[in-house]
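Dear colleague,

Please find below the structure that I am handing over to you. My notes on what was found in it follow.

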Amino acid sequence: MNLSFKEQLNQILNCDLKTTFPIARSMNRKLYFYVGPTNSGKTYSAMQELMKADCGIYLAPLRLLALENYEFLKENKINSSLITGEEEIFNEDSTHICSTIEMVNFEMQTDVCIIDEIQMLEDEDRGWAWVNAILGAPASKVIMTGSVNALEAIKKIAEYLGEELEIVKFKRKNPLQVLEKPIPFREITKGTALIAFSRKDVLNMKAKLSKFFKVSVLYGNLSPEVRKEEAKRFREGKTDILIATDAIAMGLNLPIKIILFTTDIKFDGVSQRLLTPNEVIQISGRAGRYGHHEIGYVGATNSGVLKHIDAMFHSPLRTIKPPFKVKATLEQILAFASHLNTKDLTKILYFFSKNMKFTGPFVATNIYNMIELAHILDKQISLKLEDKYLLAQAPTNTKSPLLKDAYFVYMNAIINKKRCDYRLSINIKTLAKSELDLLKAEDEVKKISLYLWLSYKLPEIFYDIDNAYKYRILVNQYCENSLKLNLKNQHERVGDFKKNSNRNYSDKSSNKETKNFRKSDGGDDKKSLRKNRRFTQDKKQEQNSNNIKKHYIKKKENYDA
């Protein structure tokens, strides 16, 4: 019987999500949730189960974690392959795969599948990938690892699926303690990690503390390769302290003894706000790595911050609650386009979010970045809808002038079906002289990632893979070497850097410099931090409003402005 237009549309708009993964539904799957805090061994235990299996897959939240576990399997003589959005290291004899979660293959059956950092299912932009993996991973044993705040969410999804769920609880291997008093900058000791929440603050602190310590830095804008190298330097004792953003919170195993928060406020993309219990506990858990320290310590660099950190550390985690976000599929996009008689991706995405209904604890969502890119793509009338949908998911940020220019170049190559080689946009013959130079290099790596991502989708157009890989190595080396410089010093020459980079610091000289630092005017640090503390709630709200405006203006600026 032929269905009417309204009936056909109603069928599209009402979806039983689990039925969209037929292979997983045909299997007798069992779900496991390895639940526990950081440093409890849950991921290690899951990886042991993966290695026992004849075949399996590890799904990572980050390319860095996929790479680390790929290397871990290889070290344990397991034939493995690596698959991410921008690279594939394929071994014909591989029985195991390490992959970023968005690249999971829903048609390849395995014995075991690990879904790491399962609490990410509530992430505004990427949560849909964890939802899809839980529902659709075609494995007999699906092991999820994560924190206790995701427990109720996993129970609800398992109930919806009608699949057996076994909960395996883990406890932290060594204690974690909040310090009673703040530790000012002048009293920092080796093995400490300082936490800030912006790239600028991290680099400013590095410029100051590099006079007295050998410093590693970690922040989100760094490529996985550079983050890995900076972490390695700290892990091997080549640097004394680590300065990081909350990029430290996921997956990096580092021999940190003390974590010190330099602030309790972060910008979350909308406003400046206080840190939540979830954030404080996740970051704090990186202190006192088992096997390196008997106990981990958490503190702050001033009393005001310490008071809030202590309160959040001893507060219960906020439970992740449904509904869980679901992204539109290409099939749904094409169906809506046909019924709405439009190729306007922006309209289709908004229609999806307002009208789509799911059986179970799910809700349709529109990813902000997809909407932003859809606005750009809809102006190109010659682009096919399928290409619009592909490009709307591209790993890019149009707030970056370098990335935006590259995005338009690549989009025009697709429109004109013209082969596109990879071209470097920056000068890497000399090291970065300023933070701006470093920022451009970080964006250049993201531009390379965008090209490689497109090369796996459209290899006929984006064919220049070898050149892109070559430049990725060179630009990452440029970033690594530049981070060893004090970028605050605009006059430092590359020759001086090369001469000093091999300098052998003895413990004696390092201790002397540290003592001199402690004698310096640390009081100014305290005054500066106190000055930035919140005064009243009204004053704080006014400040937040101003910060949002500044952030908005800054986002629109070009590099050379």
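**Strand pairing and helix packing**

Strands β11 (residues 192-195) and β14 (residues 258-261) pair in the parallel sense, over 4 bridges. Two strands pair if DSSP finds at least two bridges between them; helices (H or I, at least four residues) and strands (E, at least two) are DSSP runs, numbered from the N terminus. Leu194 has Leu260 in β14 as its bridge partner.

This is a predicted model, in which local features need pLDDT of at least 70 and side-chain atom pairs count only at pLDDT 80 or more, while totals for chains, interfaces and linings use all residues. Residues are numbered from 1 along each chain as its sequence is written, and side-chain values use heavy atoms, with hydrogens and water left out.

The order β10-β17-β14-β11-β13-β12 describes an open sheet of 6 strands with parallel pairing. β10 (176-178) and β12 (215-218) are at the edges, each with a single partner strand, so one side of each has no neighbour in the sheet.

Helix α8 (residues 224-235) lies across β11, β12 and β13 (241-244), with contact meaning heavy atoms within 4.5 Å. α8 runs at about 145 degrees to β12; axes are lines fitted to C-alpha atoms, for helices over the stretch in contact, and angles run from 0 to 180 degrees between N-to-C directions. Helix α10 (residues 303-313) lies across β10, β14 and β17 (296-300), at about 135 degrees to β17.

Elsewhere, helices α15 (residues 401-415) and α16 (residues 435-457) pack at an angle of about 20 degrees, their axes 9 Å apart.

Yours sincerely
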